[in-house]
Amino acid sequence: MQRTSVIQEEWGGPKAEVSRGDAPVGQDVVALLAENDQLRRALSGRVVIDQACGMVMALTPCRRGAARNLLVDVSRQCDLKLREVAAYLVATSEGEQLPGQIQRALRRALRRLHTADLR
């Protein structure tokens with residue numbers, strides 16, 4: 001009897017199927033699939049963070065490190081993950097509005113950034 005395991009990714013991506021003849025699917029394969037999924041999510045989060053950093057760099061003339069620090073500062077103030085703040089910011093390029101909490105935190109962080117530049 002051939003055994004096939006199907007693993008559906010959470011965010012609607014493609015399914016992964018694993019077959020091993022008559023033997024059951026090993027835990028090592030399942031662990032590797034889980035790790036692969038985790039890495040895929042991490043990379044997709046990194047892409048949106050990089051896009052948001054680019055937006056901040058273009059709008060506030062600052063370096064990448066300062067842009068990332070600004071986003072980290074906003075995420076801490078709002079008690080949100082960095083990728084969530086980045087996703088909200090990137091969504092503004094498609095006509096979405098920033099939530100008020102993020103707008104206020106972003107204004108405060110921008111003031112601190114400009115004050116630091118003047119010193």
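## Helix packing and a loop residue

Helix 1 (residues 27-59) and helix 3 pack at an angle of about 55°, and their axes lie 8 Å apart. Keep in mind that this is a predicted model. Angles of 65 to 115 degrees would count as roughly perpendicular and those under 35 degrees as roughly parallel, so helix 1 and helix 3 are oblique to each other. Their crossing is left-handed.

Here's who touches whom, helix by helix:

| Helix | Residues in the contact |
|---|---|
| Helix 1 | Gly45, Val48, Ile49, Gln51, Ala52, Met55 and Val56 |
| Helix 3 | Leu82, Arg83, Ala86, Ala87, Leu89 and Val90 |

Now for helix 2. This one covers residues 64-78, 15 residues in total. From first C-alpha to last, helix 2 reaches 21 Å, close to the 21 Å expected at 1.5 Å a residue. Which of its residues are buried? In helix 2 they are Ala67, Leu70, Leu71, Val72, Val74, Ser75 and Cys78. As a reminder, an α-helix has 3.6 residues a turn, so residues three or four places apart point the same way.

Asp79 sits in the loop between helix 2 and helix 3 (82-91). Is Asp79 buried or exposed? With a relative accessible area of 71%, Asp79 is over the 50% cut-off and therefore counts as exposed.

Key:
Residues numbered from 1 in each chain as written. Predicted model: local features only at pLDDT ≥ 70, side-chain atom pairs only at ≥ 80, totals over all residues. Heavy atoms only, no water. Helix = DSSP H or I, 4+ residues; strand = E, 2+ residues; numbered from the N terminus. Expected span 1.5 Å × (residues − 1). Buried < 20%, exposed > 50% of the residue type's maximum accessible area, 1.4 Å probe, protein only. Axes fitted to C-alpha atoms, helices over the stretch in contact; angles between N-to-C directions. Parallel < 35°, antiparallel > 145°, perpendicular 65-115°, else oblique. Left-handed = near helix turned anticlockwise from the far one by under 90°. Contact = heavy atoms within 4.5 Å.
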